[in-house]
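This report describes a single protein model, from its overall make-up down to individual side-chain pairs. The sequence and structure are shown first.

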Amino acid sequence: MPIEQLLLTLRARWRVVLSVFALTTAAALIGSLLMPREYRSTAEIMVDVDAPDAVSGAFGPSYPQQTQQFMATLLDVILSDRVVDKVIADLKLTEDRDALARWRKDTGGKLTAKEYFAQMLRKHLEVIPSRESSVVALRYTAGSSEFAAQAANGFVQAFMATQVELRSEEAKSNVAFFDSSTQRLRENLEKAEARLSRYQLENGILSTGERYDAELTRLNELANQLTLVQAQHLDTSARAQQSPSLQGTAPDVVQSPMVQRLRAELARAEANLRDVSTRLGVNHPEHQRALAEVRGLRRQITAETGQVVRDVDAANQVNLEREKGLRAAFDAQKGKVLAMTTQRDELSVLQKDVESAQRAYDVAKQRLSMNSLASQIDHTNVTLLAEARPPSKHAKPRISLNTMIGALLGVLLGLTSAVVWEYFEPCLRSPGQAAQVLGLLILGSMPENRPRLTATLRTALRLT
């Protein structure tokens, strides 16, 4: 439809447009006025996600993903059966006659009263977490402003009480567990200490470190002495083996001061004997005396050489006996140190058992103390920021908005009605339309008495 024809149609059918517009706007207004009133009350809480634990001092979630999971968990807790049951009990819905009558009317007894009220509370509650903060809004919508505020505050109080109960119940269950564990670990510690004390008493161990160090030092000293005596024994053994075969040329014989002195005297006596033999005859008393002196010195040298050899053998026997004694003492000390090492290892195992039992007992006792304190905490990391109050105005229906929407819809329906009416009852409203429909040339037209469309529109605008 051309625009000129549309405008002519609307001018001709303006009563239809106006009637539809008025009826639609009136219907929207009357419907909004007849709709039941709904009131919306909002309570706000702040969840301190990063708050440290009151007992352990550990901080809360640090990563954004963990924070999101933490907030999602809190939202699930708010809508949980445990919180909803508390709200039902606090509002005393199961004792309210009107509420019970509404339950019977809506369900016909197919659901229990508690299930019906739980569904109703969840349906009308909106949990709105803030995107940029840890504030959560609990918005409840009801037909009564007082009940909307009571329900919103009831959810807040029930949620905070549930948070405290969850932490307290977990801590109490942990207290029972760690209490029994502490007793058992204490018994294990006492048994380990008893085994250690009994072992020390049986082996006479008082201070393992000093005694073991002293015995090990003695073993090292005996080893050094044994090494020295073995070296001496090897030396005297070699000298003892050489002395009988070498006799006068043996090192001990050659180095003997007595043998050296006797040999010097023998050399002097032999020189005197040769001198006497040259001057006097062999039968001369002086020659006989010199010969006897030489023979006597030779006998003394032979005797002294034999004595030196016997002294070397004696020294070799002494070193051998000393080596045997030191070896026996070293072996005994070695066995003693080895025995003490075994005792020390066994004692170390028992001491480690005691230390391990002590650590386990201390950890369990510390956890018991922490959970005992946690079970007595009566607050949580949730804080009430704004308490819900009965609203002064209803949230639904929104009469102004509904009326404006009805008016806009009335305009559209009015225009549509005029166009449809014109479609079913068409009229020739202009010379151009007549020429187009009849296919004839228009020679002239009679002006109408009514003012032109533009003048009519101006007059209408001035009147409004």
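## Surface and overall make-up

The protein exposes about 30200 Å², and carbon and sulfur atoms supply 56% of that area. Accessible areas come from the Shrake-Rupley method with a 1.4 Å probe, and for residues only the protein chains shown count as cover. The model is predicted: local features need pLDDT of at least 70, side-chain atom pairs count only at pLDDT 80 or more, and totals for chains, interfaces and linings use all residues. Residues are numbered from 1 along each chain as its sequence is written, and side-chain values use heavy atoms, with hydrogens and water left out.

There are 14 helices and four strands; these are DSSP runs numbered from the N terminus, with helices being H or I of at least four residues and strands E of at least two. Of the 464 residues, 30% count as buried (buried means under 20% relative accessible area, exposed over 50%, and partly exposed in between, with a 1.4 Å probe and protein chains only). Among contacts with a separation of 6 or more, 78% are between residues 24 or more positions apart; a contact means heavy atoms within 4.5 Å.

## Nonpolar cores

A nonpolar core is a set of buried Ala, Val, Leu, Ile, Met, Phe, Trp, Tyr and Cys residues joined through side-chain atoms within 4.5 Å. The largest one has 39 residues, and Phe117, Leu121, Leu138, Tyr140 and Phe155 have the most contacts inside it. Two or more residues each come from β1 (39–47), α3 (64–78), α4, α5, α6 (113–124), β3 (135–142) and α7 (145–203). Helix α7 gives the most to this core, with nine residues. Apart from this core lies another, of 11 residues, among them Ala192, Leu196, Leu347 and Tyr361.

Beyond residues up to four places away in sequence, Phe117 touches Ile88, Leu93, Thr94, Ala99, Leu100 and Trp103. Lys92 is in the loop between α4 (81–91) and α5 (97–107). Lys92 is not a glycine, yet has a positive phi of about 55°. Most residues other than glycine have a negative phi.

## Strand β1 and Tyr140

Ser41 is in strand β1 and is buried, with a relative accessible area of 1%. Leaving aside neighbours within four places in sequence, Ser41 is in contact with Leu138, Arg139, Tyr140, Ala148, Ala149, Ala152, Ala388, Arg389 and Pro391. Ser41 and Ser144, 103 residues apart in sequence, have their C-alpha atoms 10.0 Å apart.

The structure holds two aromatic pairs. Rings of Phe, Tyr and Trp (its six-membered ring) pair if their centres lie within 6.5 Å; planes under 30 degrees apart count as stacked, over 60 as edge-to-face and the rest as tilted. Tyr140 counts as buried at 1% relative accessibility, whereas Phe147 counts as partly exposed at 21%.

## Salt bridges

Side chains of opposite charge can pair when their charged atoms come close. Here a salt bridge is a side-chain nitrogen of Lys or Arg within 4 Å of a carboxyl oxygen of Asp or Glu, and the structure holds two. In one, the side chains of Arg122 and Asp81 meet at 2.3 Å, N to O. Arg122 lies in helix α6 and Asp81 in helix α4, so the pair ties together parts that are 41 residues apart in sequence. Arg122 is partly exposed, at 28% relative accessible area, and Asp81 is exposed, at 51%.

The side chains of Arg186 and Glu190 also form a salt bridge (3.6 Å, N to O). These two are four residues apart in helix α7, so they are separated by about one helical turn. Arg186 is partly exposed at 48%, as is Glu190 at 44%.

## Other exposed positions

Arg195 is also found in helix α7 and is partly exposed, with a relative accessible area of 37%. The C-alpha atoms of Arg195 and Val354 are separated by 9.1 Å, although the residues are 159 apart along the chain.

Val420, Tyr423 and Phe424 form a nonpolar surface patch with about 390 Å² of accessible area together. Patches are made of residues with over 30% relative accessible area and no salt bridge, like charges being joined within 9 Å and nonpolar side chains (Val, Leu, Ile, Met, Phe, Trp, Tyr) within 5 Å. Val420 lies in helix α12 (residues 399–424) and is partly exposed, at 39% relative accessible area.
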